[in-house]
Amino acid sequence: MGRLALLLLLAFASLHQLCFAADDDTILHETFDESFEGRWIVSGKEDYNGVWKREKSEGHDDYGLLVSEQARKYAIVKELNKPVDLKDGTTVLQFETRLQNRLECGGAYLKYLRPQEAGWKPKEFDNESPYSIMFGPDKCGSTNKVHFILKHKNPKSGEYIEHHLKSPPSVPSDKLTHVYTAIIKPDNELRILVDDEEKKRANFLSADDFEPPLIPAKTIPDPDDKKPEDWDERAKIPDPDATKPDDWDEDAPMEIEDEDAVKPEGWLDDEPEEVDDPDATKPEDWDDEEDGEWEAPKIDNPKCETAPGCGEWKRPMKRNPAYKGKWQPPLIDNPNYKGIWKPREIPNPNYFELDKPDFEPIAAIGIEIWTMQDGILFDNIVITKDEEAAESIRDTTWHPKFEIEKEKQKTEDEAARSDGLAGYQKKVFDILYKVADIPFLSKYKPKILDLIEKGEKQPNITIGILVSVVVIIVTVLFKILFGGKKQARVEKEPEPEVSETSNDQGSSGEKTEEMEKEEEPAAAPRRRASRREN
């Protein structure tokens, strides 16, 4: 019994120690359950006039920091109790955002700021304030990415350079709460999680993962190197020994008159294409002094409609078989070709080797954005050294909200689809009512109306009803076009003579039309369209 009590005591002590260790590893967990005033400092810069508010997330009792106005610049900062050393073990940066009105153009990212000794003040926080890391969603125009930017100091030049993560994840486009996690590992590995799912894994020292790479190239092009004057970059040159053939006529035109063309018979040389409109009259309010001499508008010459053409006949043009164009000597390989010139490489004066990134410590968290949308909500901003602690926070704060929002979104989407289908069905039935009133369907109108009424009572059979009505229409049209004549011949005109006469007339009519169609090409060449027609 004493041993059992001792074991329980040891277990409790171990659990207590682990809990406190986890709390010690969580440097910041901002829930906004309490007012942010006094704990967060709003920038006093004139440009940053956006109003921050502590509001509940839509549909939840959970509070967050809200971007309350459209088309504003926002800046707010929170100082940490002590700077976070990113070189010391694993560091997890995590926060939630909810784009309650979506995000068309704006940012929802966080800046992890360097100590104030770097040259900034909380009340003067702006886009120039020096940061160590920038992380979070950004979307506008062609930009759609979850940024991860490391601002790293070059030990040779002393310059701070922004290194952007290549191929970052894209920003979710819905209105749900999303959680963004960046895990910085001591082995130079970076992991980006979106909604508890890994979207990107990178290495800080890999040139394939960051642009520009943290480690500069060993050599660079010599800025003082100049291309020699005799350097020939032409791979091909005109053959200097080639000569133009004797029969090559550069002056030959591309087109010549077709000498074999003959003026069509009936061409009216003396008739113009257009004549004055004989029915036109001068307007009563026409003033010759102000409006000029009145001229009747032109119309197509009616005589030209039956003739192959009017006006002066000219032979058509055809391609000149002797045309060759400007002669050019053929190209040959350039014996002096040296390739595309490049400046020589010299040692990079800013090159350095690196085993690990020289991370700057994080002394504060800032939100500095310019957005066209309101309704951006920040919550559960976390900095911790424990990955499990970050995961636990995701499970207890983000995950329940996300599931509720996702289910609600699903219901709304289904309702929207249902409303859209209802609207579509109403339009279909409105059209079917009009179809039922078509005269040649009068015999089938009761049947069509009966189908429509059934469809209004049972919307799920709308497509079937639509198909049924279409079948009725097609059947009626088929009977009219093909069945009607046969019935008339048998019932109303039983004599075969009449039937044959009718068919002959039909064939005669068809032949007449075919003949007219065959005669149409004989009228060619047609006259060109007049300027008025054009």
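D62 and K401 are both buried, where buried means under 20% relative accessible area, exposed over 50% and partly exposed in between (1.4 Å probe, protein chains only). The model is predicted, so local features need pLDDT of at least 70 and side-chain atom pairs count only at pLDDT 80 or more, while totals for chains, interfaces and linings use all residues. Residues are numbered from 1 along each chain as its sequence is written, and side-chain values use heavy atoms, with hydrogens and water left out.

D62 forms a salt bridge with K401, with 2.7 Å between the closest N and O atoms. D62 sits in the loop between β3 (52-56) and β4 (63-67), and K401 in helix α3 (residues 387-436), so the pair ties together parts 339 residues apart in sequence. Helices (H or I, at least four residues) and strands (E, at least two) are DSSP runs, numbered from the N terminus. A salt bridge requires a side-chain nitrogen of Lys or Arg within 4 Å of a carboxyl oxygen of Asp or Glu. The whole structure holds 31 of them.

K56 pairs with D61 in another salt bridge, at 3.5 Å. K56 is partly exposed, at 40% relative accessibility. D61 is exposed, at 67%.

Strands β13 (residues 189-194) and β14 (residues 197-203) pair in the antiparallel sense over 6 bridges; pairing requires at least two bridges found by DSSP. L190 has A202 in β14 as its bridge partner. Two residues separate the strands of this hairpin, and D195 takes a positive phi near 55°.

R191 forms a salt bridge with E198, the closest N and O atoms lying 2.7 Å apart. R191 is buried, at 18%, whereas E198 is partly exposed, at 33%. Both belong to a salt-bridge network that also links K185, E189, R201 and E387.
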